[in-house]
Amino acid sequence: MSTMKARLETDLRAAMKARDELVTSTLRMALTAVKAAEVSGKAARELTDDEVLGVLTKEAKKRREAAAAFADAGRDALATKERAEEEVLSGYLPAQLSDEEIAELVAGALAAGGFSGKQSMGPAMKAAQAAVAGRAEGGRVAAEVRRQLSV
């Protein structure tokens, strides 16, 4: 079992004992998403720590988007709940990079691959995402790649 998944399960047990409903429900949801990812595909397999982090990142993004949608619809109570769940999940994610750090990593990836011009956006994004390694949202990375390729 990956250490990340084991940590989630341990924290879930502790939250259940402490009767912390928010953390309990959030971690149950996260573990369900991890287990669904494990059985997706042709054969069931154990996820690595990086893959578990990927699942948690997707779940946190879902919470962030749902909170924005609820807030726009005037459903403040539900928006607050979604933000709280995202806060719980963000405790398991690596620290997000600043805009300056993203610009630096993207510049390095573009220089290493020799990418220039808008036609190389796809390969440049792949190299930039590998350099960032899940420490920033894809939209922020894509915007920086576009900016640097257009210069």
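**Lys61 and Glu65**

I looked up the side chains of Lys61 and Glu65 in this predicted model and found them joined in a salt bridge, with N to O at 3.9 Å. That value falls inside the 4 Å cut-off, so the pair is counted. Both residues are in helix H3, four residues apart, which means a separation of about one helical turn. An α-helix has 3.6 residues a turn, so residues three or four places apart point the same way. I then checked accessibility. Lys61 is partly exposed at a relative accessible area of 41%, and Glu65 is partly exposed at 47%.

**Arg63 and Glu85**

Next I took the pair of Glu85 and Arg63, whose closest N and O atoms are 2.9 Å apart in a salt bridge. This pair links distant parts of the chain, with Glu85 in helix H4 and Arg63 in helix H3, 22 residues apart. Are these two residues buried or exposed? I find both Glu85 and Arg63 buried.

**Glu144 and Arg147**

I moved on to helix H7, where Glu144 and Arg147 lie three residues apart, about one turn of the helix. Their side chains form a salt bridge at 2.6 Å, N to O. Glu144 has a relative accessibility of 12%, and because buried means under 20%, Glu144 counts as buried. Arg147 is partly exposed, with a relative accessible area of 45%. I also noted a network elsewhere: Glu59, Lys62, Arg63, Lys81, Glu82 and Glu85 are joined by salt bridges that share partners. The count of salt bridges comes to 14.

**Helix H7**

I stayed with H7, residues 138-150, to check its length. Its 13 residues should span 18 Å at 1.5 Å a residue, and the end C-alpha atoms are 18 Å apart, so expectation and model agree. The buried residues of H7 are Val141, Ala142, Glu144, Val145, Gln148 and Leu149. They cover an arc of only 165° around the axis, and therefore sit on the same side of H7. Which helices cover these buried residues? I find that the cover includes helix H5 (99-113) and helix H6 (121-132).

**Helix H3**

I repeated the length check on H3. The 24 residues of H3 should span 34 Å at 1.5 Å a residue; I get 35 Å between the end C-alpha atoms, which agrees. Buried in H3 are Val52, Val55, Leu56, Glu59, Ala60, Arg63 and Ala67. I note H1, H2 and H4 as part of what covers the buried residues of H3. H3 is followed by Gly74, with a positive phi near 80°.

**Nonpolar cores**

I listed the largest nonpolar core, which has 20 residues; those touching the most other members are Leu8, Leu27, Val52, Leu56, Leu89 and Tyr92. At least two residues of this core come from each of H1, H2, helix H3 (49-72) and helix H4 (76-90). Which helix gives the most to this core? I find H2, with seven residues. Apart from this core lies another, of 13 residues, among them Leu110, Ala136, Ala142 and Val145. I then looked up Leu8 alone. Leaving aside neighbours within four places in sequence, Leu8 is in contact with Leu27, Leu31, Val52, Leu56 and Tyr92.

**Lys5**

Lys5 is in helix H1. Not counting residues up to four places away in sequence, I find Lys5 touching Leu31, Val34, Lys35, Glu38, Glu46 and Val52.

**Arg19**

I looked at backbone angles and noted Arg19, which is not a glycine but has a positive phi of about 55°. Most residues other than glycine have a negative phi. Where does Arg19 lie? I place Arg19 in the loop between helix H1 (3-17) and H2. Arg19 is exposed, its relative accessible area being 72%.

**Confidence**

Last, I checked pLDDT. The chain has a mean of 89, and 99% of its residues reach 70 or more. Confidence is lowest in H6, at a mean of 85, and highest in helix H2 (residues 21-39), at 95.

How values were computed. Residues numbered from 1 in each chain as written. Heavy atoms only, no water. Expected span 1.5 Å × (residues − 1). Buried < 20%, exposed > 50% of the residue type's maximum accessible area, 1.4 Å probe, protein only. Arc of directions from axis to C-beta. Contact = heavy atoms within 4.5 Å. pLDDT = per-residue confidence, 0-100. Core = buried A, V, L, I, M, F, W, Y, C linked by side-chain atoms within 4.5 Å.
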